[in-house]
Each structure stands twice: as C-alpha cells, then as structure tokens.
Amino acid sequence: MRHIDSADLAVRALDGDAARLPAREAAHLRDCPSCARELASYRRVVQAGRTAEAADVPTPPPPSVWDAVLAGIEDDASGGDGPPP
Ligand SMILES: [Zn+2]
C-alpha cells in the first residue's frame, strides 16, 4: 500500500475540506490509520498555530544568557578549567 505523500497531507490540513484529494487518495485516507494519524497530527499543528496568541510566543532570553554562553565557549576553546558548575 502506497501512503499519501506527507506534503499532500500537510496541504489538506492547511486547507481543510477545500483541499481536494484525488478519489484514490481520499479512499486510502479512510482506510489507512497511519495516514489518518499523520493528517490528524498536522491538523493539531495547524490549529495550534491558528489559535496562538502573543502570550504563546516565546520571548528571547536576556542578553546576559547569551553572554554567558559565549564566555563558556571561549573558556572551552582556550582549554578552560573544566565543565561549568
Ligand atoms: Zn497510508
């Protein structure tokens, strides 16, 4: 059994019923739990993206975090004094 291409399932998830699958693929989707699960997971991602609010968007860490990362890398590159605490 040849599964439906993931890109086609993703388009179906994005466009909902407006995305028409060829009859053969639509029939496959009804009979194939694997493709149905993949489509369901894409639909959950689309739904999450469409309902996300500003509070859901991650905020960048303060600059001090990046400075500490760079300092740790520089320590490692220069032989450092062991792993960070
Ligand atoms: Zn399938």
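**Notes on leucine 14 and its surroundings**

1. Let's start with leucine 14, which sits in helix α1, spanning residues 6-15. Please keep in mind that this is a predicted model. Leucine 14 has 15 C-beta neighbours inside 10 Å, so it counts as partly exposed; a buried residue would need 20 or more.

2. Now for the helix pair. α1 packs with helix α3 (residues 33-51) at an angle of about 45°, and the two axes are 9 Å apart. Because of that angle, α1 is oblique to α3. The crossing of α1 and α3 is right-handed.

3. Which residues of α1 and α3 make the contact? From α1 come Ser6, Leu9, Ala10, Arg12, Ala13 and Leu14, and from α3 come Cys35, Glu38, Leu39, Tyr42, Arg43 and Val46. Sorted by class, the contact of α1 with α3 holds 8 nonpolar, 1 polar and 3 charged residues.

4. On the overall fold, the protein chain has 4 helices and 0 strands, running α-α-α-α from the N terminus on.

5. The C-alpha trace spans about 65 × 35 × 15 Å along its principal axes. One separation to look at is that of leucine 14 and glutamate 74: they are 60 residues apart along the chain, and their C-alpha atoms are separated by 44 Å.

6. Buried residues make up 6% of the 85 residues in the protein chain. Among contacts with a separation of 6 or more, 61% are between residues 24 or more positions apart.

Technical notes. Residues numbered from 1 in each chain as written. Predicted model: local features only at pLDDT ≥ 70, side-chain atom pairs only at ≥ 80, totals over all residues. Helix = DSSP H or I, 4+ residues; strand = E, 2+ residues; numbered from the N terminus. Buried ≥ 20, exposed ≤ 12 C-beta atoms within 10 Å, placed from the backbone. Axes fitted to C-alpha atoms, helices over the stretch in contact; angles between N-to-C directions. Parallel < 35°, antiparallel > 145°, perpendicular 65-115°, else oblique. Left-handed = near helix turned anticlockwise from the far one by under 90°. Contact = placed C-beta atoms within 7 Å. Nonpolar A, V, L, I, M, F, W, Y, C, P; charged D, E, K, R; others polar.
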